[in-house]
Amino acid sequence: MAQAKKALAKKAGASRTARTKSFSNYIGGEWVASAAGDWLENRNPADTRDVIGRFPQSTAADVDRAVAAAAEAFDGWRHTPAPRRAEILYRVGEILMRDKEKYTRDMTREMGKVLKEAGGDVQEAIDCTYYAAGEGRRLHGFTTPAEMPNKFAMCVRQPIGLCGLITPWNFPMAIPSWKMIPALICGNTVVIKPAEDTPLSTYNLVKACEEAGVPPGVVNLVTGDGAVAGRRMTDHPALRLISFTGSTETGRLVALACADRNAVCSLEMGGKNAIIVMDDADVDNAVEGAVWGAFGTSGQRCTASSRLIVHKKVYKEFSRKLVARAQALRVGNGADPKVDVGPVINQDAVQKIMRYIEIGQKEDQATLACGGHRLTKGDYGHGYFIEPTVFTDVAPDMRIAQEEIFGPVTSVIPTKSLDEAVEIANGVQYGLSAAIYTQDVNRAFQAMNETYTGIFYVNASTIGAEVHLPFGGTKGTGNGHREAGTQVLDIFSEWKSIYVDYSGKLQRAQIDNKKAIG
Ligand code: UN1
């Protein structure tokens with residue numbers, strides 16, 4: 001993905017005017033350029049003539065400086081009482097609220113999603129910030145009986161240390177916030193590297209932290225390529241934890257690097273999420289859920305509804321209505337309030353998505369029911385626009401029904417029963433989200449229980465998770481961790497078990513208590 005923008009950066013380099021805004025890394029409380037002086041250009045995917053600015057193309061040396069700053073700040077921050085840390089983080093939430101509109105416009109400009117959805121992304125960051133800051137007065141541990149008399153046992157959460165956060169471009173403020181704010185409330189210091197394509201939204205979040213009074217070195221921002229800056233983070237011996245959201249392919253590399261140096265690693269990766277539509281479903285409602293889940297964010301969500309498993313009794317009606325709705329969606333620049341579906345992120349994404357559309361038609365022989373083209377006429381020619389695309393008559397084992405496309409493409413798969421639908425839903429390498437549309441409570445609960453995913457919806461789409469419930473998935477989607485909810489605290493803190501013996505004598509666990517009970 002990064003390559004497309006880099007190539008553009010090179011081409012545009014010569015013609016760049018003095019007005020191109022330069023952004024900085026944030027290290028140890030200072031806004032600084034990359035030590036090597038290289039830049040990464042950020043352009044609008046709806047109109048690549050629109051240059052948002054240039055951001056530091058950070059090297060290993062920049063990452064090392066950021067880690068050193070995080071190390072320097074760690075003791076001061078972890079010794080700051082959590083309720084006090086929370087007061088500062090609540091202020092971050094207030095600043096995000098105050099400037100929501102500006103952040104929303106910035107996000108649409110650099111990422112492409114329509115304003116309403118960009119506003120939702122900023123709102124998710126606000127929700128997450130308030131919610132996680134609230135933990136400053138909880139961060140609950142627990143007490144439990146000790147096995148010996150006159151002995152006390154309890155457990156407390158301690159910060160894990162220096163955390164490296166590597167975030168994706170599809171939720172460029174929400175995902176950084178749902179890693180960073182919980183990390184901070186737990187008393188950690190962080191180095192964050194946003195995706196190459198969307199550094200501005202994370203820059204805005206970090207600016208809000210600075211304004212709110214987060215002390216120097218507690219939050220450090222380095223922008224740049226995954227292969228260079230990201231790689232150095234995963235390899236850096238002082239980063240105790242790496243939290244990564246992105247592709248399954250990159251996630252495996254992150255995991256390997258972390259395994260090599262015994263670092264804690266939390267991964268949130270791909271999805272191939274299914275909506276099951278039963279014969280008793282409210283078909284119109286199901287179609288609305290499918291359109292929202294498949295084409296919202298131009299299908300670039302790990303929770304996107306990329307498979308629609310539909311009972312054969314309503315299959316024709318559902319497909320017909322879905323295609324009509326998909327064809328009516330207005331594709332264009334997300335900054336235009338009349339637009340429903342924005343561009344995809346970059347040229348690499350266009351190529352990948354178009355390749356899958358070709359595979360669907362040729363190799364897989366599914367029916368291309370609508371869409372299937374890149375839009376290039378007029379203003380479309382300056383951006384990365386792809387028509388909302390529906391394949392019907394898709395078999396569950398086809399590549400378009402198995403692999404993550406991450407674009408505005410969905411597959412309708414016929415089914416004859418709930419059991420079969422659940423089997424199809426489970427028959428992929430991912431396990432993030434699933435949904436069922438039915439009026440039958442028994443079927444709803446059966447599907448909820450039998451689908452092997454981290455998230456499940458009844459009569460709602462596969463997207464739209466809320467910040468106070470755990471977020472993450474099974475199988476190829478993750479490695480067992482959950483972000484959001486209170487569960488995120490288990491990523492960013494380590495348990496310490498504490499025993500207090502007030503008997504005034506030696507009491508040997510597992511040995512002396514046997515005497516006490518005979
Ligand atoms: C993602 O797609 O990477 O549940 C995150 C949702 C959003 C988060 C999506 N709240 O769709």
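A salt bridge is taken here as a side-chain nitrogen of Lys or Arg lying within 4 Å of a carboxyl oxygen of Asp or Glu. The structure is a predicted model, in which local features need pLDDT of at least 70 and side-chain atom pairs count only at pLDDT 80 or more, while totals for chains, interfaces and linings use all residues. Residues are numbered from 1 along each chain as its sequence is written, and side-chain values use heavy atoms, with hydrogens and water left out.

Under this criterion, 31 salt bridges are counted. One of them joins Asp336 to Lys338, with the closest N and O atoms 4.0 Å apart. Asp336, at 28% relative accessibility, is partly exposed, whereas Lys338 is exposed at 57% (buried denotes under 20% relative accessible area, exposed over 50%, and partly exposed the range in between, for a 1.4 Å probe and protein chains only).

A further salt bridge is formed by Lys102 and Asp106, whose closest N and O atoms are 2.8 Å apart. Because these two residues are 4 positions apart in helix α4 (residues 100-111), about one helical turn separates Lys102 from Asp106; helices are DSSP runs of H or I with at least four residues, and strands are runs of E with at least two, numbered from the N terminus. Lys102 is partly exposed at 38% relative accessibility, while Asp106 is buried at 13%.

Arg443 and Asp279 also meet through their side chains in a salt bridge, with an N to O distance of 2.9 Å. This pair links distant parts of the chain, since Arg443 lies in helix α15 (residues 441-450) and Asp279 in the loop between β12 (273-277) and α10 (283-295), 164 residues apart. Asp279 is partly exposed, at 23% relative accessibility.
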